[in-house]
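This report describes one part of a structure for a reader who is new to it. The sequence and the structure come next, followed by the terms as they are needed.

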Amino acid sequence: MLRVNYAALQFFLKSEAALLGQTLADLFGKDHKILTYVEDAQRHDTSFASRDVRVNIHPGADLSVDLKVHPIADQPGVIFISLEPNTMRAKMSGQLATQNSARAAKAVAAMLAHEIKNPLSGIRGAAQLISEELSIEDAALTQLIVKETDRIVALVDEMEVFSDDRPLETRPQNIHQVLDHALALARNGFAAHHSVEAGYDPSLPEIDANWNQLVQAFLNLLKNASEAAPKTGGVIQVQTAYSHGTKIKRRGSDAAIDLPIEICVSDNGPGVSAELSQSIFDPFVTDKAKGKGLGLALVSKIIDSHCGLVSYERKSGRTLFRILLPAAPSTKR
């Protein structure tokens, strides 16, 4: 090894002095495929690239990287090697998976509304008719049926929002005005006992958005954070930033959409289990004793309808939800 950059020092967790002079066999093992790529690049004077190459640079540290190997034109025999951990690609795959969760929620909602509400209406009506001919004591049982039927109908009504595929009515919005409105409601309501902090990038362009839906999405995230944060010392943070490099393609379109508007909602609660984190945006998935598991599914559906992405992660001991949204066409940088 002739030269290394700072990223390589971080990747190998070694000093420059420890890396310079070492061979690839020293770093990866004499039988690793990276050696084959480098030998082929030297022999044929051509570049090679491969995704998902497994490397083990430390005991127990088995990583997947994207590998690129390039000969240096003016230095015969010298090869440039790029190793890029593909954690970001994996993260993007997870974010795109939340869009599938939103679509699954729509299908479930449509099924529930059609198959359940009509028979429930018949059950409720029958219970009311029967109650007219029963004693007061027995009629209490039919009232229980009516109450439970109404409760189930209310749950189905909540689910019906997922099957609403009507085009959004949007207009250019300042994301900070949307957030300020949601934060004011949180500070004066369910999050009054927490410290609620905001840090904004004032240079962000406007977004095309539906005000009511975005407010609802951020209210759901703030309420989720409020319920997760400790009762004493609970801290909720909302931060915005301009983020470069994230693009997605929508179904039915070949054009890539930039998602530069980043909003992060975080709390100092314990987060969820690793198993639950894989399906946290699916409907009816929750670890709350009295939760319905619809809040985050609704967030996913709303952000998806705004051509954005939402993801969950644990970072530095905090639970963080990251939303990426496109800028309004007339305000793109």
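A residue is called buried under 20% relative accessible area, exposed over 50%, and partly exposed in between, with a 1.4 Å probe and protein chains only. The model is predicted: local features need pLDDT of at least 70, side-chain atom pairs count only at pLDDT 80 or more, and totals for chains, interfaces and linings use all residues. Residues are numbered from 1 along each chain as its sequence is written, and side-chain values use heavy atoms, with hydrogens and water left out.

| Residue | Relative accessible area | Class |
|---|---|---|
| Cys264 | 9% | buried |
| Arg322 | 12% | buried |
| Cys307 | 25% | partly exposed |
| Ser316 | 74% | exposed |

Helices (H or I, at least four residues) and strands (E, at least two) are DSSP runs, numbered from the N terminus. Helix α10 covers residues 295–305 and helix α8 residues 211–228; their axes come within 9 Å and cross at roughly 145°. Axes here are lines fitted to C-alpha atoms, for helices over the stretch in contact, and angles run from 0 to 180 degrees between N-to-C directions. Contact means heavy atoms within 4.5 Å. Residues of α8 that meet α10 include Leu214, Ala217 and Leu221, and on the α10 side Leu298, Val299 and Ile302 are among them. By class, this contact has eight nonpolar, six polar and no charged residues. Ala, Val, Leu, Ile, Met, Phe, Trp, Tyr, Cys and Pro count as nonpolar, Asp, Glu, Lys and Arg as charged, and the others, Gly among them, as polar.

Helix α10 is largely enclosed by the rest of the structure, because nine of its 11 residues are buried. Lys301 and Asp304 are among the buried ones.

After α10 comes Cys307, with a positive phi near 65°. Cys307 lies in the loop between α10 and β11 (309–315). Ser316, also not a glycine, has a positive phi of about 55° and sits in the loop between β11 and β12.

Arg322 belongs to strand β12 (residues 318–325). Its side chain makes a polar contact with the side chain of Glu262, at 3.1 Å. A polar contact is a pair of N or O atoms within 3.5 Å; within protein, one must be able to donate a hydrogen and the other to accept it, and residues adjacent in sequence count only if both atoms are side-chain atoms. Leaving aside neighbours within four places in sequence, Arg322 is in contact with residues including Glu262, Cys264 and Leu309.
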